[in-house]
Amino acid sequence: MPDFNVRSDAVNVEQIMEQIRARIREKRGVDYTEAEIRELASVKLEKFLDPRGVRSDLLEQFRKAQPPFAPPELPNYAFEDQTLFESTRGPLRLVRKLLKPILKLFFNPNPLIQALNIQSKLNASLAEREAKRDAARYAFDQLHYEVMHNLVLETTRLGIEVKNLKMRIESLASRLEFNERRARALEGAVVYKPAADERPARVEEPRREESRRDEGRRDEGRRDDSRRQESRRQERQERPEPPPRQQPPAPPASPEPVVDAVAAQVDATSPDGAAAPAPEGPGQRSRRRRRRRGRRGSGAAAALMTGGQPGETGGDGDDSAGSDEGDGDSGLESAGSESVAHEPTSAPSHAAPEPPAASAPSPEPVQTSQPTPDDPSATPEQ
Amino acid sequence: MKLAIVVQRYGHAINGGAELHARYVAEHLARHAQVEVWTTCATDYVTWRNELAAGDERVNNLLVRRFPVKHERDPLTFGRLSDHVFNASHSVADELEWLEAEGPTSPGLVSHITKHAGEFDFCIFFSYRYYHAFHGARAAGTRAILVPTAERDPAVGLSIFGPIFRGVRALMYNSPEERTMIQSIAGNQQVPSVVVGVGSDVPANPQPQRFRQKHGIRGPFAVYVGRIDENKGCRELFRHFESYLRNGAGKLTLVLIGNSILDIPKHPRIRHLGFVDDADKFDAIAAAELLIMPSFFESLSMVALEAWALGKPVLANAKCDVLKGQCIRSNAGLYYENTAEFVETLRALEFNKWVAGSLGKNGRQYYRDNYDWPVIERKYLDMLQRLSASKDAPGFEALPGWMERRKDNCPPAADIVAATPAGPSTAPDMTLPRPTGPVSPPLPRRPQPAVPERQERPRPQQRPSGGQGRRAQGNRGRRGQSSGAPR
């Protein structure tokens, strides 16, 4: 546990407790106790569930709708052989008893008595069975209500959990997106490591140099073509030393001043020095955009890392990717087209905004002035 | 000045809170007045069995008069009556029956008070809830001073105690929470009262190393001192501490001091030492990183005061209003309400020595300001002088008549206590001054690995807009400085 950051001798217990509790809340996140969940389920259910679907006071409503169970009062179905002749009055009972033989002269009551006796037993049995069934139904109803209530609780709990998980997923997605962008950016910066002896000859920003060195270190295993590097190095040494870069005056009315200024600067520093004004062709800018987009994309980055680094292949006449002078553009174009192939839908939309005519007076593209992935002139626009 | 201290048990071997409190007060007031102690022959607060001889005895040069207890407590009867008067509507007769069942029923003691209270200036009764205080205070009349030692339990809500709280000459409370509770129940704001508490005979130079050597304890530890009982919150303490151990980061051992009537978890970092003498107890507290007080009900935790006197922080159970209030007022202890808070507060005290030291320092100051013996004695003597000067004595309300006593018109005592305001008292009279300026919050600095990683990672391309652009500029500036490249 890290140290408390207390700057003076004064401590305040209540403040410390507040901070400890805040820290516990931070650790646990949205953590509900059983009581809180119950409270949520009964009171604030509409926040988590569809109120039209589930009622928060479900159990209470069921209990109100269902009166408390009381066993039914069964009628007296008893019917015995003396039932017909019974009376609450003693003399009448005596008279009936005396006259019963006379009654039996007229008809035989015994079958009637037996039938009624059987019927009374049937009645009692049925009533008892019905009462048992009612009791069982009541018990089952209680069980159902409890199950429903528990379902409501669990649904609430799940709702809360789903909400938390959604938040976590959002957080993870944003983090993943950030990491992907970062990975693309890193992949786009992959270049080969320049030799130590040619460092003074190249005028580049130290920061980019360092970054390139890091990336070059990663790619050392892949760049085993020492012969090609050697030829490149020799060719660079034959080139005239580029003058130190100056801040180009940015035209204020230009829609893309930085790009134009950088393009002009790069053209000025081109090895042959022939295309000093560095006019851009109409499709050049869109191609450059496509290439940059391709560099950001994994396909283009893969192409760059597997040797298809157009800016770095300049001067190698044997290279199939082309040279700076003649085939550089085609090499770049191939990388760009590869990226377009990976992102077929994005290319037309990005190619649509054409540069203004003022900024691109010449339709002829200057191959050597194309900003390469390690070209610092590409940095401000990205 | 002649004073009589009336308490349910008294003696060297009796270490109950109120009894020890009474002994300390008696011995310290004996320096300023002639003091006698009137008590029973009992030593066990559960049975009140007569274990000591009745008659006069000298304890630390104090005359102690012991009176026999008429009958022992019947736990079943007492439990049944307690359940009735605490949780159901009942009558005054029921409450008196409950008091008789609780004990220690010593008519001889009450009779002695009736006869001899007039010979003393004041009779100081300890523990309102027992037979001797209820009947003795009525017998002493206007000479009765009460030290209630009341906890937040249902007994304080019984209606028979209201007239006692309103009728005594003065009340010597242990804490502001106790005063608030009794005043809200009994409405006795007019009775003179003061929050006093009690001091302790803390040694000037305890020997922590001696304790470690004697008991073979190495490494940091937290100590609990007291009876190891579920009622004292020890079961909860074990549960919390096991959670702390499961967490794995801390290195504290829990050392338990006191007799146990509870199963103690078997763990190498939970050590039970049993009952130890006072010297060992103070050595243990001095050797500990902190004292833990898990009790739910306390009127005043003497061991917490002793820890503060020794400059140790206290981790208390926040469910006990008194302990929480003491921690807040003293600014010398943390408190917990659940396992997570226990673990975090324990770790905060363990890993932040500076905070623990500051809390301990505050505790020492709090003890010196409020609970050092000169302060306690002065408060008692001031109150006695004030009462001597004033002849205003309202006296006790008469008990209801025979018929009235038997009417079931007393509400459940638990309901009355539940209705009283809870929480720590914010009375400023015993609160240490808080820092007035902006207190730097002792925020635990959470490790943030993402930030340095983001700063260290290579940024080959800058982003064009928003805050990321600004951040990129900041990084660029640093890189520009390091590389020396102009921008």
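Q: Which residues have the most contacts inside the largest nonpolar core?

A: This is a predicted model, in which local features need pLDDT of at least 70, side-chain atom pairs count only at pLDDT 80 or more, and totals for chains, interfaces and linings use all residues. Residues are numbered from 1 along each chain as its sequence is written, with chains lettered from A and ligands numbered from 1 in the order in which they are written. A nonpolar core is a set of buried Ala, Val, Leu, Ile, Met, Phe, Trp, Tyr and Cys residues joined through C-beta atoms within 7 Å. The largest one has 140 residues, and the most contacts inside it belong to Ile5(B), Cys123(B), Phe125(B), Leu146(B), Leu291(B) and Val314(B).

Q: Which helix gives the most to this core?

A: Helices are DSSP runs (H or I, at least four residues), numbered from the N terminus. With seven residues, the top contributor to this core is helix 11 (residues 302-309) of chain B.

Q: Why does Ile264(B) count as partly exposed?

A: A residue is buried if 20 or more other C-beta atoms, placed from the backbone, lie within 10 Å of its own, exposed if 12 or fewer, and partly exposed in between. Ile264(B) therefore counts as partly exposed, since its C-beta neighbours inside 10 Å number 14.

Q: What percentage of the 487 residues in chain B is buried?

A: Buried residues in helix 14 of chain B include Val355(B) and Tyr366(B). Across the 487 residues of chain B, the buried share is 46%.

Key
Helices (H or I, at least four residues) and strands (E, at least two) are DSSP runs, numbered from the N terminus.
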